[in-house]
Amino acid sequence: VTAHPRRFPRGSLVGTVVSTKMQKTINVAVDRYRMHKRIRKRQRFTRKFMAHDEQEVANEGDTVLIVPCHKMSKHKHFLLSEILRTKGRL
């Protein structure tokens, strides 16, 4: 039995860049959805993660892929892998 190749690496997250004000760091908002038990409606949960952006190529509004890495600081333990969609492009 051959394993199917993963589309994204294990533990990776897709989110939107909400802040680029820090040096070599971006703030990424990741949306997750869960079904409510009683009313059977989707609930959205948003969590923000800090990610390392070495070349500072990401801008606010971009959709990015972040992958887990070793802890770089108190709050930063993700690395910018790629920009999936820039702001303004469909």
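A: The protein chain has zero helices and five strands, counting DSSP runs numbered from the N terminus, with helices being H or I of at least four residues and strands being E of at least two. So the order from the N terminus is simply β-β-β-β-β. Keep in mind that this is a predicted model, where local features need pLDDT of at least 70, side-chain atom pairs count only at pLDDT 80 or more, and totals for chains, interfaces and linings use all residues. Residues are numbered from 1 along each chain as its sequence is written, and side-chain values use heavy atoms, with hydrogens and water left out.

Along its principal axes, the C-alpha trace spans about 45 × 40 × 35 Å. Of the 90 residues in the protein chain, 28% are buried, meaning under 20% relative accessible area, as against over 50% for exposed and in between for partly exposed (1.4 Å probe, protein chains only). Taking contacts (heavy atoms within 4.5 Å) between residues at least 6 apart in sequence, 47% join residues at least 24 apart.

Now for the residue itself: F8 lies in the segment before strand 1, which covers 13-19. F8 counts as partly exposed because its relative accessible area is 27%. Setting aside neighbours within four places in sequence, F8 touches V14 and L65.
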